[in-house]
Amino acid sequence: MNQNVVGYRCLACLREHPSRPFQYTCGACGHNLDVIYDYGRIRRRWSQSALKRDPDRSLWRYRPLLPVTDPPANVSLQVGGTPLVSLDRRAAEFGRIWIKDDTRNPSGSLKDRATEVALQHAAELGKEILIAASTGNAAVSLAALAAFAQQRAVIVAPASAPEAKLIPILQHRAELILVDGSYDQAFDLVLAAAQELGWYVRNTGYNPVLSEGKKTAALEIAEQLNWRVPARVFIPVGDGCIIGGIYKGFHDLRELGWVDRIPQLVAVQARGSAAIHRALQSEDQIEPVEARTVADSIAVNFPRDGLKAIRAVRRSAGFSITVTDAEILAAQGELSARAGIFAEPAAAATWAGFLKARRQGLVGEEEEIVLLITGSGLKDVPAARQTVTAPAPISPNLDAFREALKGID
Ligand SMILES: *Cc1c(COP(=O)(O)O)cnc(C)c1O
Ligand SMILES: [Zn+2]
């Protein structure tokens, strides 16, 4: 067991629970848990200079702050270690902007950070089979990284899931079970099945280990900025697990004394899927919505990590903002054209939210800002197709080519 881990604390009733036997949620009230660390112990055994000397570029360089004993034996697919790209030169008019490009994870999304830690955690608990309810990036991530780790993965998805998202899961030879029902029903079925069969659950907004994996994006941002804290980080929000993890990462670093504050966290939601934004506008009461947005990875009726998301925004003195589907698709094209980063709509929502906040005067011109780009556009090409038109073909001769050039400026 990782001696740095003290146990788990409930977000709602604040009761503490031991690491073993492992419980996903609070035994007393059923709400989600946070991992608690012995920061004094970590500080005595680990330092920024030790970290600097560590040649491991993957998220396992932060293993003292992860709720597992050992990194995976031998090698891993290198999850994490994604670049923090400066847009200063390219887009001077936007000021000091950084893009944390998490499209560059093995399966193309930030979800790999959570999966990587969950696979190791499951192995340490002696669980050979992992199960998850998801139609999107979490499922693809589990299928891919389980294939590398030679662990078994079972994905439960609603039958209505787009075929394009299911193909990679099948390619990785994960077990796919389609149910006649909604994502929420698939989620609950996974919990029931795992309880009966003793399998490990990788359901977002339920298993506390997942936000610990996701927090490594924050640890990397801080280290890449040489422990300078940016003014704000913009984060796309669906269930709220990512923003909860980013908060936790900066929180851990502040407890270690490696940074002096937490950046303001800005939750970007699609207007048609804004349960957390609405809660923040109404005394933090979360009411379910009927989610409808082109950004499928942040389309959520009832956010499963709502408490963590709200805490992240409140404690960081951040705010939330919503963007329309049209703004998201325009931002997707703009990010591709300006920065060379093809992001899926949910990730492009970050850029859309930043532009809107800038227009509304919610952020200053000179602030240092990090935009978290969470997933690759290659998994959802049909969404991107809506805003571009392919040219008509020409005859393969120079005259026709010159003619075609007239349309290009
Ligand atoms: C899952 C996901 C999100 C949203 O994360 P939550 O933890 O559900 O808030 C955003 N972008 C991408 C690409 C995702 O896969
Ligand atoms: Zn509780």
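How many bridges join E1 to E2? In this predicted model, 2 bridges join the two strands, which run antiparallel.

**View 1. Strands E2, E1 and E3 make up an open sheet of 3 strands.** The order across the sheet is E2-E1-E3, and the pairing is antiparallel. Strand E2 (16-17) and strand E3 (33-37) are the edge strands, each pairing on one side only. Strands of a sheet pair through backbone hydrogen bonds, in either a parallel or an antiparallel manner.

**View 2. Strand E1 (residues 5-10) is joined to E3 by 5 bridges.** The two strands run antiparallel. Arg9 of the pairing stands opposite Asp34 in E3. Tyr8 stands opposite Val35 in E3. Tyr8 also has a bridge partner in E2, namely His17. In a regular strand, side chains alternate between the two faces of the sheet.

**View 3. A hairpin is formed by E1 and E2.** Between the two strands there are 5 residues. Leu14 lies in this loop between E1 and E2. Its phi is positive, about 65°, although Leu14 is not a glycine. Most residues other than glycine have a negative phi.

**View 4. The peptide bond joining Arg20 and Pro21 is cis.** Omega for this bond is about -5°. Pro21 lies in the loop between E2 and E3. Most peptide bonds are trans.

**View 5. Ligand 1 sits in the largest pocket.** There are 15 residues around ligand 1. Those that come nearest are Lys111, Asn137, Gly238, Asp239 and Thr374. By class, the shell around the ligand has 6 nonpolar residues, 6 polar residues and 3 charged residues.

**View 6. Lys111, Asn137 and Gly238 place N or O atoms by oxygen atoms of ligand 1.** For Lys111, an N or O atom in the side chain is 2.8 Å from an oxygen atom of the ligand. For Asn137, a polar side-chain atom lies 2.7 Å from an oxygen atom of ligand 1. For Gly238, the atom concerned is a backbone N or O, and it lies 2.7 Å from a ligand oxygen atom. Taken alone, ligand 1 exposes 380 Å², and the protein buries 97% of that area.

Notes: Residues numbered from 1 in each chain as written. Chains lettered and ligands numbered in written order. Predicted model: local features only at pLDDT ≥ 70, side-chain atom pairs only at ≥ 80, totals over all residues. Heavy atoms only, no water. Pairing = 2+ DSSP bridges. Helix = DSSP H or I, 4+ residues; strand = E, 2+ residues; numbered from the N terminus. Near = heavy atom within 4 Å. Polar contact = N/O pair within 3.5 Å; in protein donor to acceptor, adjacent residues only side chain to side chain. Areas by Shrake-Rupley, 256 points an atom, 1.4 Å probe, with all protein chains shown as cover. 1 Å grid on protein atoms, 1.4 Å probe; cavity = no way out; pocket = protein on both sides within 12 Å on 5 of 7 lines; lining within 4 Å. Sits in = over half its atoms within 2 Å of the grid points. Nonpolar A, V, L, I, M, F, W, Y, C, P; charged D, E, K, R; others polar.
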